[in-house]
Amino acid sequence: MTDRELINTAREAMKNAYVPYSRLPVGAALECEDGVVVTGCNVENAAFGSSVCAEQTAVCKAVSSGRRRFRRIAIVANSKNYYYPCGNCRQFLNEFAPNIEILSVRGDGRYVSYRLSDLYPKPYISELNL
Ligand code: THU
């Protein structure tokens, strides 16, 4: 899948965002290592802190369908600036794919691409012996 196709998939997913509080729909398209693309959108809650970001939705859908290895993720919002994942989402993505390629997209469709390791160079890493 091309970058543009992945971005368009994220834009489609954005339409399903449940955002009665922020009115800021976000869409994500996560390309897994087996080529399957899993989408996500933000799902807000009356208890604001219980809201879930688009990237997290996509990661949870992928992991719960047995996929833990990811190549790229496109993140789209109707924003003036490139849409970067929040700190929580960077940590969440880091759990499974510290080097994932992130396509950060603006409302007008322009995008930039980064590695998560560049955006989030010092992740929290558990020292628990699980
Ligand atoms: N949001 C995301 O979906 N992804 C991010 O990386 C940051 C923020 C959502 C959460 C909330 O529904 C809305 O954007 C406004 O913060």
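Helix α2 (residues 54-64) and helix α3 (residues 87-94) pack at an angle of about 20°, and their axes lie 9 Å apart. Because angles under 35 degrees count as roughly parallel, α2 is roughly parallel to α3. This is a predicted model, in which local features need pLDDT of at least 70 and side-chain atom pairs count only at pLDDT 80 or more. Residues are numbered from 1 along each chain as its sequence is written, and side-chain values use heavy atoms, leaving out hydrogens and water.

**Helix packing**

- From α2, the residues Glu-55, Gln-56, Val-59 and Cys-60 make the contact (heavy atoms within 4.5 Å) with Asn-88, Cys-89, Phe-92 and Leu-93 of α3.
- The residues of this contact divide into 5 nonpolar, 2 polar and 1 charged.

**Ligand surroundings**

**Polar atoms at the ligand**

- An oxygen atom of the ligand lies 2.5 Å from an N or O atom in the side chain of Glu-44.
- A polar backbone atom of Ala-54 is 2.9 Å from an oxygen atom of the ligand.
- A nitrogen atom of the ligand is 3.5 Å from an N or O atom in the side chain of Tyr-83.

Definitions and conventions. Axes are lines fitted to C-alpha atoms, for helices over the stretch in contact, and angles run from 0 to 180 degrees between N-to-C directions. Helices (H or I, at least four residues) and strands (E, at least two) are DSSP runs, numbered from the N terminus. Angles under 35 degrees count as roughly parallel, over 145 as roughly antiparallel, 65 to 115 as roughly perpendicular and the rest as oblique. Ala, Val, Leu, Ile, Met, Phe, Trp, Tyr, Cys and Pro count as nonpolar, Asp, Glu, Lys and Arg as charged, and the others, Gly among them, as polar. A polar contact is a pair of N or O atoms within 3.5 Å; within protein, one must be able to donate a hydrogen and the other to accept it, and residues adjacent in sequence count only if both atoms are side-chain atoms.
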